[in-house]
Amino acid sequence: MKLLNRVLKGDVRAAAQLIRSLEDDVPEAVAELKDVYLHTGQAYIVGIAGAPGAGKSTILESLIDIFRKGNMKIGVVAIDPTSPLSGGAILGDRLRMQRQGADEDVFIRSLASRGWKGGLSKATMNTVHVLDAMGKDIIFVEAVGSGQGEVDFARIADTSIVTLIPGLGDEIQMMKAGIMEMADIFVINKAEREGSDNLRMSLEAMLSMTPHQPNTWQPNILLTEAILNKGTEQLAKVILRHKDFLISSNKIEKCRRRRAELELTAAIESTLHHHLETMSGCLLVKLIDDLVLRKTDPKSAALKVINLPEQK
Ligand SMILES: Nc1nc2c(ncn2[C@@H]2O[C@H](COP(=O)(O)OP(=O)(O)OP(=O)(O)O)[C@@H](O)[C@H]2O)c(=O)[nH]1
Ligand SMILES: [Mg+2]
């Protein structure tokens, strides 16, 4: 049977094989992805970002248990910050989520962060698509760090969670990176630590600076101790409440359009890049000559490369 048909039936091995082949850019897999895409769009995507060690994976473990009770099929894509060589954290994630790994309806995949250039990683989206086509109801995307990368990352999610821990001065970082605007839910994990109330208060103060518009989502702030499964039931409820809000206000459509737009832009960029790399060296050399001699200008030369007419 074709790999795609097996993936559509939820076959774990077929999905793992397809994801691996996509990572290696195997041409047959890349071709298959086109058909995979046509079978996606059903899954609900939840992003969880935060500093290294904030407890994202622990929160997810707890959420997975909760959502499994509701019989939801779950996918997890953990973007791993370690180099593909050391693989340390990948192993860590695998070990921690091992229990859930035995459950056929929970699919967890770590991806090395290579290619994660503060933007939309092709490998991440490909993996999300495969999980979606497998019939997962909810897909969690875990990403480390705080910075511009997360802003893009949030744009692929329907619900974006930002995880903070007391004592890191995260508030300031967030304001700088524009993360405040992107989070639908703030989770203050390791809430048993000193400073969690202060962190909550400063978050509240920051959120109150943007006046609440009618028919918009007011970001929630939740305190958790994920390691003890404390607060995660509430988190699961708020995720579902946010989902209901997006559906009832028809904003879910906006999320889907935004995701499609991001992917389209990324595809155009990579196609152009590929075109540039494979195009005849002669033409490139000729254009460079022309530029040096000031026979043309960079913009006009660029239009010639991608075969577009001169713009007025
Ligand atoms: N004290 C305390 N420790 C916690 C809590 N939640 C998680 N931890 C611990 O914090 C450490 C990091 O947790 P992870 O879930 O791996 O954090 P992460 O954000 O996924 O880390 P990376 O994926 O490496 O960025 C682990 O040792 C957890 O056991 C909590 O509520 N309180
Ligand atoms: Mg993790």
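I counted 15 helices and 7 strands in the protein; helices (H or I, at least four residues) and strands (E, at least two) are DSSP runs, numbered from the N terminus. The model is predicted, so to speak of local features I need pLDDT of at least 70, and side-chain atom pairs count only at pLDDT 80 or more, while totals for chains, interfaces and linings use all residues. Residues are numbered from 1 along each chain as its sequence is written, chains are lettered from A and ligands numbered from 1 in the order in which they are written, and side-chain values use heavy atoms, with hydrogens and water left out.

Next, burial. Of the 312 residues, 47% are buried, meaning under 20% relative accessible area (1.4 Å probe, protein chains only).

Then I looked for nonpolar cores, sets of buried Ala, Val, Leu, Ile, Met, Phe, Trp, Tyr and Cys residues joined through side-chain atoms within 4.5 Å. The largest has 29 residues, and Leu63 and Phe140 are among those touching the most other members. Elements supplying at least two residues each include helix H4 (56-69) and strand E4 (138-144). What does Leu63 touch, not counting residues up to four places away in sequence? Phe140, Thr232, Leu235, Ala236 and Ile239, with contact meaning heavy atoms within 4.5 Å. A second, separate core of 27 residues includes Ala15 and Phe107.

Ala15, Leu18, Ile19 and Leu22 of H2 meet Asn126, Thr127 and Val130 of H7.

Methods
Buried < 20%, exposed > 50% of the residue type's maximum accessible area, 1.4 Å probe, protein only.
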